[in-house]
Structures are given as C-alpha cells and as structure tokens.
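Open the model in your viewer and keep the selection tool ready. This tour tells you what to pick next and what you will find there.

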Amino acid sequence: TIPVSALGIALGIYLPRYFASHLGVGLAVVAGAFTLVRLIDIPVDPILGVFMDRTRTPLGRYRLWLLVGAPILMLAIYQLFMAKAGIGETYIVVWLLVLYLGTSISGLAQGAWSAMLATDYNERSRLFGITSMVGVAATVAVLAIPIIPTRLSEAGDVQLMGLIAIALTPLCFGVVAWRVHEPISADVHSQRFPIADYLSIVSKPEILRLFLAQACLTLGPGWMSALYLFFFKDVLGFSVGVSSGLLILYIAAAVVGAPTTAWISSRFSKHRTLFVTTTAYSLGLCTIFFLPRGQFFITAPVMLWCGFMASGFGLLISSMTADVGDEVRLEQGKQRMSLIYSVIGLAGKLAGAFSFALSFGLLAAVGYNAKEGAHNSSAAIQGLEYIYILGPIVFVMLGGACFIGWKLDARRHGEIRAALDARDAALLAPAAAE
C-alpha cells in the first residue's frame, strides 16, 4: 500500500501539472494522453484477473504476481517523473501504459490476497480500514514535500516524489512476499475457461452496482484532484505550498475517518454507511462556494470534513467486492476473486481517464489557461469554480445511490461463508486422510 499510495497522489495531482506547466505540454495533449491510455488499458485488468485466479506455483498465486509487478512499476515511474522537456503525447502514452500495467498487477494481487486473508464480513472492513490508514501515512508524506523548506523547485518536488516511490516499491513488496501467508482455496471443478461463468459475473446485478459505484466514486474525487491546484491557487488564492497543506488535512482525516467508517459499517452495514458518507461529502462540497479567499483556518474544517467522509469510499467498495467474490465462488465452485476485483478496478480506470478528459476539456472550453504565469479572465476563473465543485457532487451522490436496496448484508454473507467453509472442509478431507 505504501508505494502505491505515494505514487497515486503524485500521479493524480502533481504529474499532470508538471507536464502542463513545467514541461510545456498542452492541456489538451495531457488530457488526451491520460484518456487514451485508460481506453487502451480496458482489457488488461480482466485478462490479468483470469490468469491470476488460474495461477498455481510453488511461490503461491498472488505472491508471484506481486513480485512481477514491482520492476515494471519502478521503470515506468522513472520514465514519467524524470521526463525532460520536449516530450509529446506518444511518450506520455507509452510510459503511462507501462505504469498502469504495473499498478494493475500489484493492485489486483493485493486486493485478492487481502480478501483471502480476511473472510469475515466485518473483519474485511477492519482490514481495508487499516490498509487505508497506511495509505494515508504514505500520501501525507508525499504531500509534505512541497511545503518542506528546501531549495527544490516545484519540478524538483515532483521528481523527488517519483524517486521515493521507486525506492519504496522493492522494500515494501519484498516484505509482503517474504512474510505474508497466502491461503489458496480449493476449486470444485477442474481448470477451464467457462465463458458462461464469466458472462454471469459481468451481468451479475451486485457487480454492476459495484462497477457503477466505483466509477462514480472515482470520478468525483478524481475530478477534484485533477483541478485541485488550479482551483486553490486561482479561485481561493492559496500558494502551492499552502494548497498542499490543506490537501494534507483532507487526506490525513482518513486516519480517523477510515477506522471510524469501518466501525460504523459493522453496526449499520456497509451499504448504508456508504450512502450516508457520500451524502455528507457532497454537502461539505457545497460549502466551498461560500469560502472567502485565502482564509486557511476557515477552509481547513471543510477539507477535514470532506476527507473524513471520502476515506470510507474505497475501503467499503473493496470490502463489498470481496463479499460478492465469496458469493460467486459459492455459485460457480471456483475462485474468481482476482477477476472480480479487475472488473471493479476497470471502472476506476475508466473514471480516472474521464476525470482528466472531462475536467480539462471543460477548463479549455471556458477559456482557462493553465500555463505558468498566464492571465485568466474573471469568467474563466468562475468557470473553473463551477467545474471544480458541481461535477464531483453529482458523481458522488450517484455512487451512493447505487446501494439503495442492497441485499448482501452481514446475515447473508454469514450464510455464504458457512456454506463455503463446509464445502472446503469436504474437499480437503480426502487429501487430509491420505
């Protein structure tokens, strides 16, 4: 979690600005590159998911894939974060593709492995809550880089973020591969490629809901991430350093928000908790319209509120995805956890692509110029304000609404796990007798 979280915040907030402002790559080119990569990347996750679930090696199933993903990730980070002036769309596209391949491999392996380690309905929320807290620590460390008094330029800060992610990847992935146990569930049927099983997964109502929710809950905050520095500098009047400090508050709120969300979900169910947090998040965004320029101590509580509420989005979606994975294994008799995570992850990738395409495209449409030192009209600044606030409200509310009428609660999941445990015991009994 640590290197991927450190990379994620730098990739979503600082790297696009680095390309557009420091390297002089046009907004349309940056948006086009990120969008194109996500579209090309569409089939990668499901293909990886199928092969991960079928992997059988002495090293294990997900451990092997985690080790494969590390060098791919490190090479791509170096090429993107150390890029020089003169690069174009082709360069960005190629190395973003390599980067997303590395993040896909590591993300799918981690998600499915986590679901195997924690099998109880509430235990999963606690595990993903702890993972979120660890991710927050890494994210805050990266966000602190621009506000630490150093001689580094803004471009130097971005390059340092990349170097940190490169250094952490082999260390953290290596510890996991060395120390973490990997349980592998027994399959009822022999290895095969049953098309009907895969079609039933992508058409399953619970997976369709999770897919749409993941897309909306990625697009909303991702939209804000893409525009964050532009908005806080030109609309609210903060420097890049102060903006980073406020973003640290937003992210750091998850230290309390993630475990609190997990605790609440264990008492009121995951889907109800998610519906409440998305509503509260959107209400918090509405208050940004009334914030005065340059007032740190008035803006800070709003950032804490929104960060607290957003901290539960990912952990609850991940936990609910694992619950659905158990239901699918009971129905089909085979492990499909990686594939299911890949389908839900695909929604996040598509949303991430369109967050840049939509937000940067709308900025260009209202006449906003992102280049360093450029003068923007009051109409362009106002357009930036409306684009930054209204889009995320719509998408986050849609994400919460996806779980109205959700049936896979703690009681139903308990029944599923009892049936799985009984079947696994029956399958393992002959082998134990031998």
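Predicted model: local features only at pLDDT ≥ 70, side-chain atom pairs only at ≥ 80, totals over all residues.

Residues are numbered from 1 along each chain as its sequence is written, and side-chain values use heavy atoms, with hydrogens and water left out.

Asp 326 and Arg 417 form a salt bridge, with the closest N and O atoms 3.2 Å apart (a side-chain nitrogen of Lys or Arg within 4 Å of a carboxyl oxygen of Asp or Glu). Asp 326 lies in helix α13 (residues 296-332) and Arg 417 in helix α16 (residues 410-433), so the pair ties together parts that are 91 residues apart in sequence. Helices here are DSSP runs of H or I, at least four residues, numbered from the N terminus. Arg 417 is buried, at 13% relative accessible area.

Next, select Asp 424 and Arg 329. Their side chains meet in a salt bridge, 3.2 Å from N to O. This pair links distant parts of the chain: Asp 424 is in helix α16 and Arg 329 in helix α13, 95 residues apart. Asp 424 and Arg 329 are buried.

How many salt bridges does the structure hold? There are 14. Pick Lys 204, Glu 206, Glu 327, Glu 331, Arg 411, Arg 412 and Glu 415 together: salt bridges link them in a network. Then try Lys 233, which pairs with Asp 234 at 3.6 Å between the closest N and O atoms. Lys 233 counts as partly exposed, at 42% relative accessibility.

**Stop three: Arg 63**

Go to helix α4 (residues 62-81) and select Arg 63. Is this residue buried or exposed? Arg 63 counts as buried, at 14% relative accessibility. Its side chain reaches the backbone oxygen of Val 180 at 2.4 Å.

**Stop four: the nonpolar core**

Finish with Phe 19 and Tyr 281. Of the 134 residues in the largest nonpolar core, these two touch the most other members (such a core is a set of buried Ala, Val, Leu, Ile, Met, Phe, Trp, Tyr and Cys residues joined through side-chain atoms within 4.5 Å). Helix α9 (residues 205-234) gives the largest share of this core, 15 residues.

Notes. Helix = DSSP H or I, 4+ residues; strand = E, 2+ residues; numbered from the N terminus. Buried < 20%, exposed > 50% of the residue type's maximum accessible area, 1.4 Å probe, protein only. Polar contact = N/O pair within 3.5 Å; in protein donor to acceptor, adjacent residues only side chain to side chain.
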